[in-house]
Amino acid sequence: MTGVQTCALPIWLFREAALANVTLLQQMNSALASKSDHTMPLEFFRDLLHEHFAEAEAERQIDTALNWGRSGDILTYQPNNDRLSLYTPAPPADSEEVEV
């Protein structure tokens with residue numbers, strides 16, 4: 001057999017593991033949950049990371065957090081306005097009422 005085998009984790013398991021072990025995702029999730037509109041500028045977290053890390057490392061951590069946050073249904077990122085928001089699941093397609 002050639003190639004790389006992968007094992008896909010259920011999203012809920014990835015989410016739990018990420019929030020339990022990744023400090024930046026914990027901070028993002030907590031900050032977003034505390035806001036009334038559940039959004040905030042990504043620049044807030046960039047500024048925090050730039051206080052402790054070089055720019056390239058801070059951006060690497062932001063990119064990783066965004067990718068993992070989206071993969072784990074933790075947050076969403078809107079690049080047009082550089083804002084984060086808590087992930088909100090879409091209502092199921094079959095949730096529409098049907099007249100009888």
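## A right-handed crossing

Helix 3 and helix 4 cross in a right-handed way, meaning that the near helix is turned clockwise from the far one by less than a right angle. On the helix 3 side, the contact (heavy atoms within 4.5 Å) is made by Phe45, Arg46, Leu49 and His50. Helix 4 brings Glu55, Ala58, Glu59, Gln61 and Ile62 to that contact.

The axes of these two helices come within 9 Å and cross at roughly 135°.

## About the model

This is a predicted model, in which local features need pLDDT of at least 70, side-chain atom pairs count only at pLDDT 80 or more, and totals for chains, interfaces and linings use all residues. Residues are numbered from 1 along each chain as its sequence is written, and side-chain values use heavy atoms, with hydrogens and water left out.

## The whole chain

Let's step back to the overall layout. The protein chain has four helices and three strands, running α-α-β-α-α-β-β from the N terminus. Helices (H or I, at least four residues) and strands (E, at least two) are DSSP runs.

Of the 100 residues in the protein chain, 26% are buried, that is, under 20% relative accessible area with a 1.4 Å probe.

## Meet helix 2

The buried residues of helix 2 are Leu24, Leu25, Met28, Asn29, Ala31 and Leu32. They pack against helix 1 (11-21), strand 1 (39-41), helix 3 (43-50), helix 4 (55-71), strand 2 (75-78) and strand 3 (83-86).

Notes. Buried < 20%, exposed > 50% of the residue type's maximum accessible area, 1.4 Å probe, protein only. Axes fitted to C-alpha atoms, helices over the stretch in contact; angles between N-to-C directions.
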